[in-house]
Amino acid sequence: MTTSPDRSVRPTSPAAELRSVEFRSVEFRTVDLRGRRLSLAELREAVPRARHQTVADAEQKVTDIIAAVRQRGFAALADFARAFDGVEQAHPRVPAEALRSALDGLDPAVRSALEESISRARRFADGQRPADVDVALGDGAVVSQKWVPVARVGLYVPGGLAVYPSSVIMNVVPALAAGVESIALASPPQKDFGGLPHPTILAAAALLGIDEVYAIGGAQAIAAFAYGVPGAEGEAALEPVDVVTGPGNIFVATAKRLVKGVVGIDSEAGTTEIAILADATARAAFVAADLISQAEHDPKAASVLITDSLQLAADVREELELQAASTKHSQRVREALSGPQSGVVLVDDLEQGIAACDAYAAEHLEIMTADAAAVASRIRNAGAIFVGDYSPVSLGDYCAGSNHVLPTSGTAAFSSGLNVTTFLRAIQVINYTESALEQVSGHIVSLSGAEDLPAHGDAVTARFRNDR
């Protein structure tokens, strides 16, 4: 069970000091797990989680959006652009000239940064591609596995409160490394830019050679990718894709869930989150800065500190108050840090801290402890792990070479971040000679009989009858 904010911590020194600190604007709640033996299910219930709108709440709205796109195509997309984005839209395809113009007008410093990010992401993605394998199981009996890219993908880049050219890189680079030949990208239309996506988004796409870009946002973009949109006379169609990837809000996540099976998806990524496992050796200023860096994404972003040090918890609270007051998006940060999805989790020791991290299964997990690399090696559940003082999440967002499209809301316990294999399929190839098949024919007949599927065995024995 989580504790309410007014329960803070036990009133004993130095906990009394932690409890006595007054905060005017950042209500960073406390969950006290000390002295409690909790099961995995209880830990998952105890760690801070969002209490905002659920996927079930959004499902009917998204179902209606998907139905409208399937039934009315580009007309429905134009209606949604008008209703949600405040723009009039004849066709959502971004003209080639707009892509060229955006790249030409890109700030040289931003272009240089994007090029460095692309270079590092490409090197990591190229190293991810798995090798094909051939396994000889006997004379003339070979089973192989080959990796084949999907034919076409739809990549979603969110809009909202920030601009995400980095998400263009994170989606496009692994798809290119996988060998995908047809790539379409969608991002919400912006009223301030004539109904086109933000020019920095367009410039990043142009930098990567992506020329099929659409000004479509939200669940309607996912629907258009999954089912395609036929073109009227003289109008270009939007062809359906095989895989849809990219982060987004709860409506995007819900749409991805609803079209899964029609297309493949990377994950149901939602609002960003960071957890930091830290001990008394951690620097409070660094911890607070990193918690704030994710809180500035969205008022519903989650920032969680897991620690066995009451002194660190008190110091981080003070730093949060100071740093939140001076950051550009101060109100947004305060709201995120004060929400039920954020807070400090007090644990008895490192062992309980690791267990809490695995129960939380953070999108981004930072390790700021003594011997951080050894601790990181023991974590089982996380989208990405950032080791030590000089591997902040911001590094992974832009220039680490890793991918920042990662599973959220605890799904890192069973999902992976976006990578090259997201865009590949493993195809098994079976190649047996006559003698190799004959060697196992008796086993096939026995097993087909045991399963009451005798025709399976007959399909083998037919090949060895004298009258064939």
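Predicted model: local features only at pLDDT ≥ 70, side-chain atom pairs only at ≥ 80, totals over all residues.
Which element gives the largest share of the nonpolar patch? The answer is strand β2, which contributes three residues.

**The nonpolar patch**

Tyr432 lies in strand β14. With a relative accessible area of 33%, Tyr432 is classed as partly exposed, because that class covers values between 20% and 50%.

**The sheet**

Strands β2 and β14 also belong to an open sheet of three strands, arranged in the order β2-β3-β14 with antiparallel pairing. Both β2 and β14 are edge strands, as each pairs on one side only. On average, neighbouring strands of this sheet are turned by 20 degrees against each other, direction ignored. Strand β3 (residues 141–149) runs antiparallel to β14 and is joined to β14 by nine bridges. Within this pairing, Trp147 has Ala426 of β14 as its bridge partner.

**Cysteines and accessibility**

The structure contains zero disulfides. Cys357 is buried because its relative accessibility of 2% falls under the 20% limit. Cys399, at 25%, is partly exposed.

| Residue | Relative accessible area | Class |
|---|---|---|
| Cys357 | 2% | buried |
| Cys399 | 25% | partly exposed |
| Tyr432 | 33% | partly exposed |

Notes:
Residues numbered from 1 in each chain as written. Heavy atoms only, no water. Disulfide = S-S within 2.5 Å. Buried < 20%, exposed > 50% of the residue type's maximum accessible area, 1.4 Å probe, protein only. Helix = DSSP H or I, 4+ residues; strand = E, 2+ residues; numbered from the N terminus. Pairing = 2+ DSSP bridges. Axes fitted to C-alpha atoms, helices over the stretch in contact; angles between N-to-C directions.
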